[in-house]
Amino acid sequence: MAQSPPETILTTSWESPSNLAIVKYWGKREVQIPENASVSFTLSRAVTTTSVGITPHTGGGFKFCLGGREQPSFEPKIKSFLDLALPLLPHLHNFFLTIESRNSFPHSSGIASSASSMSALALCLVDLEGQLSGTATIDLPLASSLARLGSGSAARSVYGGWNLWGRMEEFPESSDNYAVPVPITPAPVFHDLHDDILIISSQSKRVSSSEGHRLMHHHPYRAGRLQQARKHALALMDYLEAGDVDAFIELAETEALSLHALMMSGTPGYTLLQPNTLEAINRVKTFRKESGLPLGFSLDAGPNLHLLYPDEQATPIKRWISEALLPLCEDQKIIEDQVGPGPARKTNKPNI
Ligand code: PMV
């Protein structure tokens, strides 16, 4: 008699947002241990939703679909991640994993999806491990440390609000292995801070973040950068707690420009900035000076400008952005986002 194929015995599904670092993680040691502590906030609309189903299968294995289609080009990254993560999840041995992922933002929107996708996948695995071992709660530090193994910045996406990743002796709860919620209470103005992302270019990066992290090993400004990042992480905690938006904007802009200055001054030097990134930066600075409104910017490892401003001043600032900055964007594209509440488990689906 023919045997029926083994059935998927458990499935879970998680939605996780991306995040934006204000104090940037730049430089790492093995395995994804940061050279400096970073501080970020979790977004709300730029999210990845991932489902994982497990089927008993000696020797394991996996299948990965993105946006409803198998994506062989992503398989090596998922495989390296699972090779590091599964040894930490003993109950998931000898299961075949069916992984299906979807991003809320288009693949070529210029938004890095590694933080949201690795965080969503890590949460699914920790959830399944918990269900198999009879644990009801989700171990978030474990999920954060697994997400870190997939992509460093993903460690900070397993929580909502403001998060710290990297050991700082001032904060005993901090760790290089996983992120924690910031050990202070941010003022209300930072609970719903806006982050509108100007899509200056959706082209994929010519130099990867991994290469950028590597260039920090022998960077001439390495020592100065480590000192600066530490000073900024401590100062940022004070500004968040005090609700000091002007000091926050100054720090966020210095961090963003320092990140790109480090890229330019490594060997070999490179830049990911585009002419329209610089034009937008100049316009933001002039607007802030002339209007007195609290609009600042940050940058990730790419040309797209993140515009940061409090909800209270959103109306006049949004009006100015669409008049003065929209024409600088590729296909007039801006992604409007905000600080968000973090990942959520979606209802278990019987089939994925
Ligand atoms: O997580 P990775 O290896 O892609 O590095 C991301 C680094 C930055 O986005 C530039 C900064 C950060 O802290 O997110």
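Keep in mind that the model is predicted.

Okay, let's start with the ligand. There are 13 residues around the ligand, and the ones that come nearest are Tyr 25, Ser 153, Arg 156, His 213 and Asp 300. What sort of residues make up the shell? The shell divides into five nonpolar, five polar and three charged residues.

Arg 156 has a side-chain N or O atom 2.7 Å from an oxygen atom of the ligand.

Let's move to strand S11, which runs over residues 296–299. Here's a general point to hold on to: in a regular strand, side chains alternate between the two faces of the sheet. In S11, Gly 296 and Ser 298 are on one side, Phe 297 and Leu 299 are on the other, and all of them are buried, which leaves both faces covered.

What does S11 pair with? Its partner is strand S12, residues 305–309, and the two run antiparallel, with four bridges. They form a hairpin, with five residues between the two strands. If you want a landmark in that pairing, find Leu 299, which stands opposite Leu 305 in S12.

While we're in S11, have a look at Ser 298. Is Ser 298 buried or exposed? Ser 298 has 0% relative accessibility, so it counts as buried. Its side chain has a polar contact with the side chain of Lys 24, at 3.0 Å. Past its sequence neighbours within four places, Ser 298 also touches quite a list of residues, including Leu 20, Ala 21, Ala 252 and Ala 256, plus Asn 304, Leu 305, His 306 and Leu 308.

Next up, helix H3, residues 140–150. How many of its 11 residues are buried? Eight are, so the helix is mostly covered, with under 20% relative accessible area as the cut-off for buried. Those buried residues are Ala 143, Ser 144, Ser 145, Leu 146, Ala 147, Arg 148, Leu 149 and Gly 150. As a reminder, an α-helix has 3.6 residues a turn, so residues three or four places apart point the same way.

What do the buried residues of H3 pack against? The list is strands S3, S8 and S9, along with helices H1 and H2.

Over to strand S5, residues 62–66, where you'll find Phe 64. At 5% relative accessibility, Phe 64 counts as buried. Leaving aside the neighbours within four places in sequence, its contacts are Arg 69, Glu 70, Gln 71, Phe 74, Ile 78, Ile 99 and Ser 101. For a sense of scale, Phe 64 and Lys 289 are 49 Å apart, C-alpha to C-alpha, and 225 residues apart in sequence.

Most residues other than glycine have a negative phi, and most peptide bonds are trans. Where are the exceptions I'd point to?

One is the cis peptide bond from Glu 30 to Val 31, with omega near -20 degrees. Val 31 is in the loop between strands S2 and S3. Another cis bond joins Thr 267 and Pro 268, with omega about 0 degrees. Pro 268 lies in the loop between helices H6 and H7.

As for positive phi, Asn 94 has a value near 60 degrees. Asn 94 sits in the loop between H1 and strand S7, and at 45% relative accessibility it counts as partly exposed. Then there's Asp 331, with a positive phi of about 50 degrees. That one lies in the loop between helix H8 and strand S13. Is Asp 331 buried or exposed? Its relative accessibility is 67%, so Asp 331 counts as exposed.

Conventions: Residues are numbered from 1 along each chain as its sequence is written. This is a predicted model: local features need pLDDT of at least 70, side-chain atom pairs count only at pLDDT 80 or more; totals for chains, interfaces and linings use all residues. Side-chain values use heavy atoms; hydrogens and water are left out. Buried means under 20% relative accessible area, exposed over 50%, partly exposed in between (1.4 Å probe, protein chains only). Contact means heavy atoms within 4.5 Å. A residue is near a molecule or strand if one of its heavy atoms lies within 4 Å of it. A polar contact is a pair of N or O atoms within 3.5 Å; within protein, one must be able to donate a hydrogen and the other to accept it, and residues adjacent in sequence count only if both atoms are side-chain atoms. Ala, Val, Leu, Ile, Met, Phe, Trp, Tyr, Cys and Pro count as nonpolar, Asp, Glu, Lys and Arg as charged, and the others, Gly among them, as polar. Two strands pair if DSSP finds at least two bridges between them.
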